[in-house]
Amino acid sequence: MLTVKMDAELERELEAAARATGLTKSEFVRRGLHDAIARSKRRRAPSPWDLGRDLFGKVASGRSNLSETRARDLIGARRNAKTAR
């Protein structure tokens, strides 16, 4: 059980939002907390990119920025191939 203190204006807004969605104030708050906790977990968890950022593009090329410049390099190579024809 949790008690939350809020000013009168916030409580009026809560009542109006809950009424508009057809929920009780308690259910509206519970759902909001579930959403906020889920967003918080997603922000804390590193993405696959973050986990491997220091490894991408460094295996055989010797270029430490290969993963960052790969698209630009491919576009340049394609452009060069077209002009060579």
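Reader: What is the mean pLDDT of the protein, and how should I read it?

Author: pLDDT is the predictor's confidence in each residue, on a scale from 0 to 100. In this predicted model the mean is 86, and 89% of the residues reach 70 or more. Local features need pLDDT of at least 70 and side-chain atom pairs count only at pLDDT 80 or more, while totals for chains, interfaces and linings use all residues. Residues are numbered from 1 along each chain as its sequence is written, and side-chain values use heavy atoms, with hydrogens and water left out.

Reader: What should α1 span, and how far apart are its end C-alpha atoms?

Author: The expected span of a helix is 1.5 Å times one less than its number of residues. For the 14 residues of α1 that gives 20 Å, and the end C-alpha atoms are 20 Å apart, in agreement.

Reader: What caps the N-terminal end of α1, and what follows the helix?

Author: The cap is aspartate 7, with a side-chain oxygen 3.2 Å from the backbone nitrogen of glutamate 9. After α1 comes glycine 22, with a positive phi near 75°.

Reader: Now the charged side chains. How many salt bridges does a search of the whole structure find?

Author: Side chains of opposite charge can pair when their charged atoms come close. Here a salt bridge is a side-chain nitrogen of Lys or Arg within 4 Å of a carboxyl oxygen of Asp or Glu. The search finds five. One of them joins arginine 12 and glutamate 9, at 2.8 Å from N to O.

Reader: Why are arginine 12 and glutamate 9 separated by about one helical turn?

Author: Because they are three residues apart in helix α1 (residues 8-21). Arginine 12, at 48%, is partly exposed, and glutamate 9 is partly exposed at 38%.

Reader: Which residue forms a salt bridge with glutamate 11?

Author: That is lysine 25, with the closest N and O atoms 3.1 Å apart. This pair links distant parts of the chain, since lysine 25 sits in helix α2 and glutamate 11 in helix α1, 14 residues apart. Lysine 25 has 34% relative accessibility and counts as partly exposed; glutamate 11 is partly exposed too, at 31%. A network of salt bridges links Glu11, Glu15 and Lys25.

Reader: And what does the side chain of glutamate 27 meet in a salt bridge?

Author: The partner is arginine 31, at 2.9 Å from N to O. Both residues lie in helix α2, four residues apart, which is about one turn of the helix. Arginine 31 is partly exposed, with 44% relative accessibility, and glutamate 27 is partly exposed at 24%.

Reader: What polar contact joins glutamate 27 and arginine 30?

Author: A polar contact is a pair of N or O atoms within 3.5 Å; within protein, one must be able to donate a hydrogen and the other to accept it, and residues adjacent in sequence count only if both atoms are side-chain atoms. Between the side chains of glutamate 27 and arginine 30 the distance is 3.1 Å.

Reader: Which residues form a nonpolar patch on the surface?

Author: Patches are made of residues with over 30% relative accessible area and no salt bridge: like charges are joined within 9 Å, nonpolar side chains (Val, Leu, Ile, Met, Phe, Trp, Tyr) within 5 Å. Val29, Leu33 and Ile37 form this one, with about 240 Å² of accessible area together. Valine 29 belongs to helix α2 (residues 25-44) and is partly exposed, at 32%.

Reader: What percentage of the 85 residues counts as buried?

Author: The value is 6%. Accessible areas come from the Shrake-Rupley method with a 1.4 Å probe; for residues, only the protein chains shown count as cover. The protein exposes about 7,600 Å², and carbon and sulfur atoms supply 56% of it.

Conventions. Helix = DSSP H or I, 4+ residues; strand = E, 2+ residues; numbered from the N terminus. Buried < 20%, exposed > 50% of the residue type's maximum accessible area, 1.4 Å probe, protein only.
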